Amino acid sequence: MPTTTLDDVAAAARVSRSTASRVVRGAGRVSDEARRAVLAAVDELGYVPHPGARALASGRGERVVVAVGSPSADLLADPYVARVVAAASRTADTQGVGVALRWLGRDPGGELRRLARDPGVGGVLLVDYSADVLASVPLELVARVAAIGPADGRVASYDVDAAAGIAALVEHVLAAGRRDVVMLTGPGWLPGSRRAVEAYEDVVREAGVPARVVAADLSWLAGAEAAREARRRWPGVDALVAMSDTLAVGAMRALAEDGVRVPDDVAVTGFDDQPFAEQAGPGLTTATHPVERIAAAATTALLGRRHDDERTFPSVVVRRTSA
């Protein structure tokens, strides 16, 4: 039998979800009429608040933890992580639940075990993790974890169809006549890096052009270094397809400093459609990554203790002047 949700209560009471949440939590200003309607709907539907709402009412303060599983703490400042935290916070706030950002550190398995034992942790959003970090999620925490990215089948995954987005970008530059296309991918520990390379290799193989890959960290400085390495190794390179907008912007900066024109000499594409992509000079051709929708869906699932059918979100090319 389907679990009654707060949305069901709000619909039955003919009030907004936020109003129903305030009544259930006993916090915030609500009219007497709305309170009576919500409480009647709660009784009629047999609604039981999820642990996050119950914890808030009891003063325990349950929270969702955005856990960064990267080897270095540098990614705590990454714009992608900031987007996940902001979207999770907006979603959790409707239930009166807070969001915390945590780096899993040098002992991610141990940190995950500590999170599993913490009664105040209602859910964990895992981002920028390796396969080893994913495998170290303890059994008692699995039901409270959602991975933002590829997962191993044990942990629920909420992800973008990055393979389709990367493939479409490679096809775009090939259609423009580029024939020496280099992939700037992320670090080997990141599962998404292999997926991006495989998508790129499938397209260039079918087009009959060589596959050329340079791996880099996820910073703009790494993107600059990767672009220069690509041009040293393959002087005829005429397109760079980067795994992220940050890498792509770093690559464009290096090309500009070296007197290489974008897109006349070298076309450049990114991935993520970060807010800064449109303002980059020139505007960055990229593919969408609906981080806000993905993080919101994962947070909603964790707070409701159930996972939705839609876990893979589409990615489409956004054409600007860099390619």
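Visitor: Which residues touch the most other members of the largest nonpolar core?

Guide: This is a predicted model, in which local features need pLDDT of at least 70, side-chain atom pairs count only at pLDDT 80 or more, and totals for chains, interfaces and linings use all residues. Residues are numbered from 1 along each chain as its sequence is written, and side-chain values use heavy atoms, with hydrogens and water left out. A nonpolar core is a set of buried Ala, Val, Leu, Ile, Met, Phe, Trp, Tyr and Cys residues joined through side-chain atoms within 4.5 Å, where buried means under 20% relative accessible area with a 1.4 Å probe, protein chains only. Of the 74 residues in this core, those with the most contacts to other members are Leu125, Tyr158, Leu240 and Val268.

Visitor: Which helix gives the largest share of this core, and why does the core lie between two domains?

Guide: Helices (H or I, at least four residues) and strands (E, at least two) are DSSP runs, numbered from the N terminus. The largest share, eight residues, belongs to helix 12 (residues 291–304). Domain bounds come from an automatic or database domain assignment. The core lies between the two domains because residues are given to it by both domain 2 (63–159 + 291–312) and domain 3 (162–289).

Visitor: In what order do the four strands of the open sheet stand, and which are at its edges?

Guide: Two strands pair if DSSP finds at least two bridges between them. The pairing here is parallel, and the order is 7-6-8-9. Each edge strand has a single partner strand, so one side of it is left without a neighbour in the sheet; the edges are strand 7 (212–215) and strand 9 (267–269).

Visitor: Which residue of strand 7 is the bridge partner of methionine 183?

Guide: Strand 6 (residues 181–185) and strand 7 pair in the parallel sense over four bridges. The strand 7 partner of methionine 183 is valine 213.

Visitor: What angle does helix 9 make with strand 6?

Guide: Helix 9 (residues 191–207) packs on the sheet and touches strand 6 and strand 7, contact meaning heavy atoms within 4.5 Å. Axes are lines fitted to C-alpha atoms, for helices over the stretch in contact, and angles run from 0 to 180 degrees between N-to-C directions. The angle between helix 9 and strand 6 is about 170 degrees.

Visitor: Which backbone oxygen does the side chain of serine 157 reach?

Guide: Serine 157 is placed in strand 5 (residues 156–160). Its contacts beyond four places in sequence include Ala147 and Arg311. At 2.5 Å, the side chain of serine 157 reaches the backbone oxygen of glycine 149.

Conventions:
Buried means under 20% relative accessible area, exposed over 50%, partly exposed in between (1.4 Å probe, protein chains only). A polar contact is a pair of N or O atoms within 3.5 Å; within protein, one must be able to donate a hydrogen and the other to accept it, and residues adjacent in sequence count only if both atoms are side-chain atoms.
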